[in-house]
Amino acid sequence: MKPTIRKGKFLSTETRITISIMLRSKITIASILLLITIYIVAIAAPLIAPRDPYTINTGALLLPPTKEYPLGTDNLGRDVLSRIIYGARVSVFVPILVVGLIVLIGVPVGLISGYYGGKVDEVIMRITDIVMSFPGVSLAILLAYIAGRGVLSAALALALVGWTSMARVVRGVVMAEKEKDYVAAAKVIGKSDLRIMFEELLPNCYYPILVDAMMRLGTVIIALAGLSFIGVGVQPPEPDWGIIAAEGRKYIFEQPWLAIFPGILIIVTVLAYNMIGDRLRDALDPKLRRELAGVYRAKEEKEKES
Amino acid sequence: MKLRYYILRRALLQVVVVFGVLTLVFFATKIIPSNPLAVLLGIEGMQDKALVEQTIKIWKLDRPIWEQYFYYLSNLLRGEFGRSILTRAPVLQDLRVRFPATVELAIFGFLIAMVIAIPAGILSAVYRDSIIDHLSRIFSIVGVSGPEWWWGIILLVVFYFFFGFGGSGRLSPGTPYPPFITGMYLIDSLLIGRFDIFLDALSHITLPAIALGITRSGLTSRLVRSSMLEVLREDYIKTARMKGLRERVVIYRHALRNALIAPVTYMGFLFGSMLGGAIFVETVFNWQGMGLYLVNAIFASDYPAIQGAVILMAIIYSTANLLVDILYAFIDPRVRY
């Protein structure tokens with residue numbers, strides 16, 4: 001069934017049910033607030049960071065946390081807190097870009113694979129098999145290396161590796177939907193394949209895409225930081241959470257916070273995305289929805305009566 | 001479909017995948033806009049005229065692309081992965097030594113993940129919505145959210161720095177290397193009957209294996225939990241309960257065995273993700289495996305080594321998946337149809 005859009009209401013009932021289920025969980029609200037805070041800090045880095053993240057100060061090498069340097073200084077005397085704040089720009093926003101690219105590649109491929117089926121599907125699925133037979137980020141490392149070390153190559157590499165599961169999710173939904181009456185009806189009135197895919201089938205994939213994208217954000221943050229950690233991502237002196245940890249790794253016994261603190265931020269951010277993604281998946285659980293839909297309907301009827 | 005045909009079909013698919021992996025790696029260097037010489041030699045290597053000429057000759061860069069491709073394929077199929085720029089040894093020879101180190105780490109990490117995840121998942125399902133369930137779910141979601149290298153650093157600081165347990169590398173300095181039999185120190189030391197080497201190797205592998213295991217146990221325990229919940233709803237469990245069997249017998253004898261079938265399919269993926277994770281854990285623990293080899297190669301702009309390590313990892317991983325699929329077909333006849 002397609003979502004019914006009521007006149008005079010900004011959002012469809014379906015969407016409002018989802019939002020209401022989401023907002024009933026305190027953890028979800030906390031996660032959303034936390035992410036908003038991180039975004040603001042990242043955007044406003046020049047205003048918030050106490051010092052310049054690039055200024056080398058040979059008079060203040062590897063200082064422990066003090067009032068002047070809340071998180072101490074690194075091996076070049078740079079303020080670690082400022083570097084972490086600036087580093088959030090890459091570590092938080094680049095993964096969003098990567099997931100955007102993953103959606104842009106994965107969704108059309110999944111639509112085509114699921115809609116046409118047969119040989120086209122077979123070929124596309126074998127390609128995803130091949131891409132997925134590289135363990136972890138190893139293929140991304142290779143691609144990023146070939147494209148030249150840097151954030152941009154790392155981001156592109158992660159997108160080129162990451163589209164497969166998105167394509168499979170979309171393909172699965174499309175295969176279940178394409179036999180239904182409304183698709184047949186669209187064919188009868190002469191809609192082109194392209195329009196059927198994007199106008200009829202795609203709206204049914206919105207939620208699975210959203211859940212997958214949410215979960216993917218967490219893994220891409222970890223992967224991107226990992227690429228920087230081993231040297232194919234962000235290049236010095238640019239800061240991101242992976243490279244700050246990599247630079248601090250040489251001093252883990254003297255100044256452990258250099259490597260540990262960026263990691264805590266990664267965990268917190270990834271945790272927030274995972275919590276939201278988890279709740280979103282629950283919110284789309286038909287059982288829970290039906291319950292809440294009943295509550296909604298009762299409420300609306302009451303409004304009508306009054 | 002007969003089991004034989006299933007295995008045959010699955011094995012053929014494996015050939016296609018390995019061929020695809022080799023092709024993908026080759027064309028990646030051609031499609032991504034970059035100077036192939038810069039990729040092969042690094043910026044510094046390009047200054048050396050003799051080296052440039054030699055590289056063009058080795059990789060046949062002056063020939064048409066399809067000729068390069070067939071040359072590349074025939075080389076790899078003969079096991080000729082080229083020479084590492086960094087170690088100056090044939091890449092395959094380097095990897096032969098590194099490979100057992102990574103596999104040993106991955107297997108140990110796998111065992112640790114299982115030891116944590118299976119009981120956690122079962123308890124979580126049996127005592128659903130209790131405090132145990134909540135704790136185990138929090139642990140699993142936090143475990144998944146942390147990068148492997150971060151867990152590695154934490155473990156190294158806490159256990160090595162404060163308690164002197166384990167440490168960098170595969171053995172303590174001064175401990176003699178066991179002779180190369182399998183390449184896995186835990187096994188080799190036992191084979192020659194040197195218990196002291198075994199204990200030293202064991203203390204060194206524990207921390208990196210935990211770092212690998214923590215992140216994977218989260219995913220696994222969730223899977224065991226949901227699988228167990230599903231099984232506990234089945235009719236045969238109700239029957240067992242109605243027969244008056246004790247709850248422990250119902251859970252351990254009837255439910256558990258069935259609940260662990262589904263996670264088996266996931267084992268291949270798990271092993272592969274450990275090979276991937278080993279890249280980071282080996283870097284932190286200076287573990288001389290394939291992952292560290294790859295990272296060192298990146299810093300040295302050593303393309304033959306990078307290419308060899310990545311291809312070998314993909315082949316190991318897809319072979320592990322092949323074995324798991326076949327194993328699963330034995331356990332659960334339904335997949336064959």
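1. Asp278(A) makes a salt bridge with Arg222(B), and their closest N and O atoms are 3.1 Å apart. (A salt bridge here is a side-chain nitrogen of Lys or Arg within 4 Å of a carboxyl oxygen of Asp or Glu.) The rule finds one salt bridge across the interface of chain A and chain B.

2. Keep in mind that this is a predicted model: local features need pLDDT of at least 70, side-chain atom pairs count only at pLDDT 80 or more, and totals for chains, interfaces and linings use all residues. Residues are numbered from 1 along each chain as its sequence is written, chains are lettered from A in the order in which they are written, and side-chain values use heavy atoms, leaving out hydrogens and water.

3. Together the two chains bury about 4,000 Å², 81% of it on carbon and sulfur atoms. (Buried area is the accessible area, with a 1.4 Å probe, that two parts lose on being put together, summed over both.) Tyr145(A), Ile146(A) and Phe253(A) supply 17% of what chain A buries against chain B, more than any other three residues.

4. Over in chain B, look at helix 5 (residues 91-126) and helix 14 (residues 303-331): their axes come within 10 Å and cross at roughly 50°. (Helices are DSSP runs of H or I, at least four residues, numbered from the N terminus.) Val91(B), Leu95(B) and Phe99(B) in helix 5 meet residues of helix 14, including Leu312(B) and Ile316(B). The residues of this contact are eight nonpolar, one polar and no charged, with Gly counted among the polar ones.

How values were computed
Axes fitted to C-alpha atoms, helices over the stretch in contact; angles between N-to-C directions. Helix = DSSP H or I, 4+ residues; strand = E, 2+ residues; numbered from the N terminus. Contact = heavy atoms within 4.5 Å.
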